[in-house]
Every structure is written in C-alpha cells, then in structure tokens.
Amino acid sequence: MKRMAAGLVACLLLLILHIPVAAVTMTGDGDETYAVTDLPRVIDNAQLFSEVGAIQLESTCVSLAEEYGCDTVILTIDDLEGQSAQAYSEDYYDYGGYGVDEESSGLILLIYVNGSDREWYVTATGICADPVYDGGFDRIESAVLPLLRESEYEEAAWSFLAEASILYEEARSTSSSNGYNDGNAGGIWHDVPGYGDSGYTPSGGARFSTGQRFLICLGIGALLSLLIVLFIHSRMKNVSLKRDSDMYAVNQGLHLTDSRDIFLYSNVTKRPRPQENQHSGGGGGGASFHTGSSGRSHSGGGGKF
C-alpha cells in the first residue's frame, strides 16, 4: 500500500510538471510567441518606481507583447518639452519603433510628474484603438487614476498592465472577423490578409481555455492532496481512536499559572479625505480618436491628476 501511494504521488508530480508544456504545444507548430524587439518597455525617467519594481514591470510588458502581439510601454517623465501629454506619448510610441505587428498595435501609459504639475495619458494604437475608445479607457481610468492621485505610481502601473491584458483579449476577439482567432479554437492567431505573416497558424485541434486549465489543475491538486493524506495516514499505525476521555484527562485538575488581559479587536471608522479640484484640467473625460504627427491614427485619453 505504501509503495503504491508513493508511486502514484510521483506520477502525479510528473504529470503536473508536464501540463504547462502540453498546454502550449497543442496550440501551434512551435511559433507560439511573437518575436519582440529589445527596446525598453519601462522607461522611468522621473524615477517613480523602485529598481526591482521596474524590472518586474519590464518583464511583464515583454510577456504581454510575446503573448498578444501588442506592445505595452510605461513612460514616466518630468519634462514634457513643450508638448502636451497626448502629443508626447504618441510621438514617443510612434518614433520609438514600438509595435510588434504591422499595425504597431499596443498601449503606452505616460505619467508626467514635476512638482505639483502631474498629468497622465494613455495612447492606443492599431487593433487596440477601437477597444480603448469603446469603453476600455474608462476601465483603465477607474483602475489607475485613484492610485495616481495617491502617488502610488508603481501600483498604478500594475493596474494598467492588468487592464491592458484584458483589453488585448478583447482586441483579439473583435479582430476575429479579419482573420484573428478568438483564442478559444485551435491555434492562437491566423494569418491575416494585409497584415503579413504573423507566424501563427491553426493547430487543427481544440485548445484548453483558461477555465478548463484551472479546473484540471484544481482536480489534480485535490487528488494529489488526498493521496498524500492517505500515504501519511498509512504510516501512523501507532495512533488510534479512544472511546473514552479518561486517558486525556489530567488527574491533578486544572491550574492557571498566568493570566493577562489581551486586546483583540478594534473598530475603525474611515471617511474619504476631501479632494480639491479632482478633475482640474480634465482629469479624465473619456477617450477620443486623433492622428499623431507621424500620420498614424490613435485613440486615448488622460488629463491632470
């Protein structure tokens, strides 16, 4: 029995280690990710992030580009060089060479901080422009703007990346009529006429969805936990259930040797601190479409915070 339980545990561990590889290899022919450039995705010129935080943000931006084919850039500055936040973010993205696909699809978050002057702007390009205009910017604003107002810049950047990943899923889904896969059928991307060879072809088989992978891992984890408990229980032969409580009782009775009053709980009432001029200079106001100096079309929004 012990050997059988140990063998099952070992087999399940090997299976769990193999699951991520199997989930990837079933979706394509080995070209499951986009080839991204080595351009920096997190440019912290205003020094708003910690060193470790900037590295982690950079790694996540690269992963998003590889998975979705949409570039994600986070730029902090303390000098707009005479430009508006909108124009600065558009020019930085367009002339900086960002964008993985031929549409240069992606997002850039600009955070400008110089003393009491603080602005932010999100610019969307390529297949991301429509989802941002159609409600994506409002979600980004709701997640990011409160943190910016509290000077929680690193947390704001992480919230931006979380919303960006959701938006990229939407962009991929809404582009399915043009040849992009919706992410639920075999293959990640199809070749799109007019967009060049994306490197993605249908796999010809079904792909596990995120929910399915979660349920599979949950089921295997539960089974593994059960086997571990049974294995440990099989080795505890010296423990058995007693039908009466005599052996657990102390004959000498109960004697308290120390007593203390310990404060355990408190009730705290919080009220929001009044904010002056929360929407001064725009603060938000929704997204709009416009053309940058490069001639490329963008959507986006932002303002002072």
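A residue is called buried when its relative accessible area is under 20%, exposed when over 50% and partly exposed in between, using a 1.4 Å probe and protein chains only. By that criterion, buried residues make up 38% of the 305 residues in this protein.

The model is predicted, so local features need pLDDT of at least 70 and side-chain atom pairs count only at pLDDT 80 or more, whereas totals for chains, interfaces and linings use all residues. Residues are numbered from 1 along each chain as its sequence is written, and side-chain values use heavy atoms, with hydrogens and water left out.

The protein has six helices and six strands, which are DSSP runs (H or I, at least four residues, for helices; E, at least two, for strands) numbered from the N terminus. Their order from the N terminus is α-β-α-β-α-β-β-α-α-α-β-β.

Helix α3 spans residues 85-95, and its buried residues are Ala85, Tyr88, Ser89, Glu90, Asp91, Tyr93 and Asp94.

Within α3 lies Ser89, which is buried with a relative accessible area of 0%. Leaving aside residues up to four places away in sequence, Ser89 touches Ile108, Leu110, Tyr121 and Thr123. With Thr123, the side chain of Ser89 also forms a polar contact of 2.8 Å, a term for a pair of N or O atoms within 3.5 Å, where within protein one must be able to donate a hydrogen and the other to accept it, and residues adjacent in sequence count only if both atoms are side-chain atoms. Just after α3, Gly97 takes a positive phi of about 85 degrees.

How values were computed. Contact means heavy atoms within 4.5 Å.
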